[in-house]
Amino acid sequence: MRIGAHVDPSDPLAEAAARDAEAVQFFLADPQGWKAPKPREDADRLRDAGVDLYVHAPYVINVATLNNRIRIPSRKLLLGHATAAAAVGAKGLIVHGGHVNAGDDLAAGFDNWRKTFAYAADSGGFPLPVLIENTAGGENACARHLDALARLWDALADYEVGFCLDTCHAYAGGEELLGLVDRVKAITGRIDLIHANNSKGAFNSGQDRHDNLTGGTIDPELVVAVIRAAGAPVIVETPGGVAGQAADIAFLREQLGKAA
């Protein structure tokens, strides 16, 4: 099981070494902006390094919304990031499940996800796995609750779609972590990546506020149990910089090395 962290994008390999990480996740452009990613001069070094790479799409992307001024640029930006992520040898592109606005039909949001994959298919398809991530908040979210996730996966049945399970988002979103992996896999058939995060917010608070694994409101043993059950690579998106994330990675290795 490969374990790593979300890091600053300036030199992901140095960040990996500082944390003794086997994997890293990073942005290829401003996560709060709409600019397309630029080619990286270190692309060859990243591809050849032996560190598993994951790219997180910008937070502004929302392909589910009925707002044309957000949805249409989101589709284009998502495909652009997928192309750029593939160029550096990333194993997956993580994107949040998105939402519709209050009063809008959530069914239209699921269909907009279908149209997003159809849009990409017109250009030959996404060049690497797109991993849709569960989210913590919002009553109109496409991937907060498992019943919505099931509707999303039904809408995308004709396409190859990956899933990223965030433990903080699930807990804060109101999903019990005990047995969660089995419930998710019954819907998606897969979990490609775990975002292992504790939560500063309470259960079902809707708050997307990550904490270090031995802090927060989640019993750390539950996070470990999710990881063990999923058997997927792990990225910590926890605070504390190098020291905090290195401690979280070491904690997971120690816990996962024990008998289940």
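## Close-up views of a predicted model

View 1. Leaving aside residues up to four places away in sequence, I194 touches L165, T167, V226, I227, A230, A232, P233, V234 and I235. The model shown here and in the views below is a predicted one. As a general background, nonpolar side chains in soluble globular proteins tend to be buried together.

View 2. Helix α9 spans residues 241-257, and its 17 residues reach 24 Å from first C-alpha to last, close to the 24 Å expected at 1.5 Å a residue. Its buried residues are G244, Q245, D248, I249, F251, L252 and Q255. Looking down the axis of α9, you will find these buried residues within an arc of 155°, so they line one face of the helix. The cover over them includes β1 (3-6), α1 (12-19), α8 (220-230) and β10 (234-236). On the face turned away from the buried side sit the exposed residues A243 and G257.

**View 3. Two cysteines without a disulfide.** The structure holds zero disulfides. C164 is in none, and the nearest cysteine sulfur, that of C168, is 12 Å away. Both are buried: C164 has 0% relative accessibility, and C168 has 0% relative accessibility too.

**View 4. D52 and R2, a salt bridge across the sequence.** The side chains of D52 and R2 meet at 3.1 Å, N to O. D52 lies in strand β3 (residues 52-56) and R2 in the segment before β1, so the pair ties together parts that are 50 residues apart in sequence. D52 is buried at 14% relative accessible area, whereas R2 is partly exposed at 29%.

**View 5. E160 and R190, a salt bridge between loops.** Here the closest N and O atoms are 2.7 Å apart. E160 sits in the loop between α5 (146-155) and β6 (162-166), and R190 in the loop between α7 (180-188) and β7 (193-195), 30 residues apart. E160 is exposed, with a relative accessible area of 64%, while R190 is partly exposed at 21%.

View 6. D111 and K115 are four residues apart in α4 (residues 106-121), separated by about one helical turn.

How values were computed. Residues are numbered from 1 along each chain as its sequence is written. This is a predicted model: local features need pLDDT of at least 70, side-chain atom pairs count only at pLDDT 80 or more; totals for chains, interfaces and linings use all residues. Side-chain values use heavy atoms; hydrogens and water are left out. A disulfide is a pair of cysteine sulfur atoms within 2.5 Å. Buried means under 20% relative accessible area, exposed over 50%, partly exposed in between (1.4 Å probe, protein chains only). Helices (H or I, at least four residues) and strands (E, at least two) are DSSP runs, numbered from the N terminus. The expected span of a helix is 1.5 Å times one less than its number of residues. The arc is that of the directions from the helix axis to the C-beta atoms. Contact means heavy atoms within 4.5 Å. A salt bridge is a side-chain nitrogen of Lys or Arg within 4 Å of a carboxyl oxygen of Asp or Glu.
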